[in-house]
Amino acid sequence: MTLREWTAKITPPDAAAMEEARRRQAQLAKPPGSLGRLEDLSVQLAGITGRVHNKIEKKHLLVFAADNGVVDEGVSSAPRSVTLSQTINLTRGKTGAATLCKHFGCAITVCDVGVAADIREKAVLCRKIAYGTQNICTGPAMTREQTLQAILTGAEIARTVDADVIGVGEMGIGNTTTSSAVLAVLLGADVEAVTGRGGGITEESFRKKKAVIRTAIEVNRPDRDDVVGVLSKVGGFDLAAMCGAFLGAAAARRPTVIDGLISAAAALCAVRLCPNVRGYLVPSHASFEIGCRLAMEAMDLRPLFDLGMRLGEGSGCPLAFQVLDAACAVINDMATFDEAGINDDYLDEIRRG
């Protein structure tokens, strides 16, 4: 399918199912709204699936791995080789996100869309488009055709994975730089407002990182109204594939969890391509990276929790899966006032506001 065909498949959440879920929540033996975001999530899930009662049994994290040519500018404390090493380690349950997936019983798929090396591990899904992107300081990261290929790759993987919920993560040294560049363009924001320290860099390197992003935007002059063009010029294969994953999951009517900065930037790209995607998004944590907050605000989303996390990889997704599981338990298994033998007339005044 083309990108246009993918976006045409994404419809808004089911309003009737959401209203039915709200009515069910109002009947449960508790003060109105007393379970907060768990109630909101159960209503959102109803809109996504068209069913009031849902189960989150099959949980799946998709991790898209790629190298970024901008690391040549010294914007990262980690060498390029870490992308390859951690891509493999993700499949062995040895990284932060993989450990959390293993602990909670979540499946994980690691997809190489642009690692700058050959990967012979069979556990890594090979969809390599090129051996890393070009340096965004000297020109576009990718061709437009490569960008579309990455988006469509992510969309197809997310559509076909067997899961009740999907999380979208990444592995790619230098991708906080590309994500900040994409956000600066899409939000019309100053580079200072969207750029953090990523995996941890010195003050001098931090100044250089921001200067590099400014240079990349000046050199490439991306059009903020052309999302594919923005990704092509200052993004990366990982970001583009993640954007596609959000599109594909929405087209398949699956709730999809956002991780941190990079995942949020990709989600924003998907929402800009198709606003209906927003109804399928579930934010996980409030990333330590400052650009993530602006991306969330732009999508009118609020993180579920704040643990000071900034690892990436999709590490916030397995935790959010458990919150979604809890939301399902509440609406599925709590007793109603009638079932509990409680006269709820005492709540009438509260319900009237």
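Modeller: Let's start with a helix pair in this predicted model: α6 (residues 144–160) and α11 pack with their axes 6 Å apart, at an angle of about 40 degrees.

Colleague: How do I read that angle: is α6 parallel or oblique to α11?

Modeller: The general idea is a cut-off: angles under 35 degrees count as roughly parallel. Here α6 comes out oblique to α11.

Colleague: And is the crossing of α6 and α11 left-handed or right-handed?

Modeller: Right-handed, as α6 passes α11. On the α6 side, the residues making the contact are Gln146, Thr147, Ala150, Ile151, Gly154, Ala155, Ala158 and Arg159. From α11 come Phe237, Ala240, Ala241, Gly244, Ala245, Leu247, Gly248 and Ala249.

Colleague: What do those residues of the contact of α6 with α11 divide into, by class?

Modeller: 10 nonpolar, five polar and one charged.

Colleague: Why would numbers in a helix contact list step by three or four?

Modeller: An α-helix has 3.6 residues a turn, so residues three or four places apart point the same way. You can follow that down the α6 list, which includes Thr147, Ala150, Gly154 and Ala158.

Colleague: Now α11 by itself. What should its 15 residues span?

Modeller: At 1.5 Å a residue, helix α11 (residues 237–251) should span 21 Å. Its end C-alpha atoms are 21 Å apart, so the two agree.

Colleague: Is α11 enclosed or exposed?

Modeller: For burial, the cut-off is under 20% relative accessible area. In α11, 15 of the 15 residues are buried, so the helix is largely enclosed by the rest of the structure. Following α11 is Arg253, with a positive phi near 55 degrees.

Colleague: Give me another pair. How do the axes of α12 and α13 cross?

Modeller: Helix α12 (residues 261–273) and helix α13 (residues 290–298) have axes that come within 9 Å and cross at roughly 30 degrees. These two are therefore roughly parallel to each other. The crossing of α12 past α13 is left-handed.

Colleague: Which residues make the contact?

Modeller: Leu261, Ala264 and Leu268 of α12, with Gly291, Cys292, Ala295, Met296 and Ala298 of α13. By class, the contact of α12 with α13 has seven nonpolar residues, one polar and no charged.

Colleague: Last one, a loop residue. Where is Asp223 found?

Modeller: In the loop between α9 (203–220) and α10 (227–234). With a relative accessible area of 42%, Asp223 is partly exposed. Its C-alpha atom is separated by 7.7 Å from that of Val185, and Asp223 and Val185 are 38 residues apart along the chain.

Note on methods
Residues numbered from 1 in each chain as written. Predicted model: local features only at pLDDT ≥ 70, side-chain atom pairs only at ≥ 80, totals over all residues. Heavy atoms only, no water. Helix = DSSP H or I, 4+ residues; strand = E, 2+ residues; numbered from the N terminus. Expected span 1.5 Å × (residues − 1). Buried < 20%, exposed > 50% of the residue type's maximum accessible area, 1.4 Å probe, protein only. Axes fitted to C-alpha atoms, helices over the stretch in contact; angles between N-to-C directions. Parallel < 35°, antiparallel > 145°, perpendicular 65-115°, else oblique. Left-handed = near helix turned anticlockwise from the far one by under 90°. Contact = heavy atoms within 4.5 Å. Nonpolar A, V, L, I, M, F, W, Y, C, P; charged D, E, K, R; others polar.
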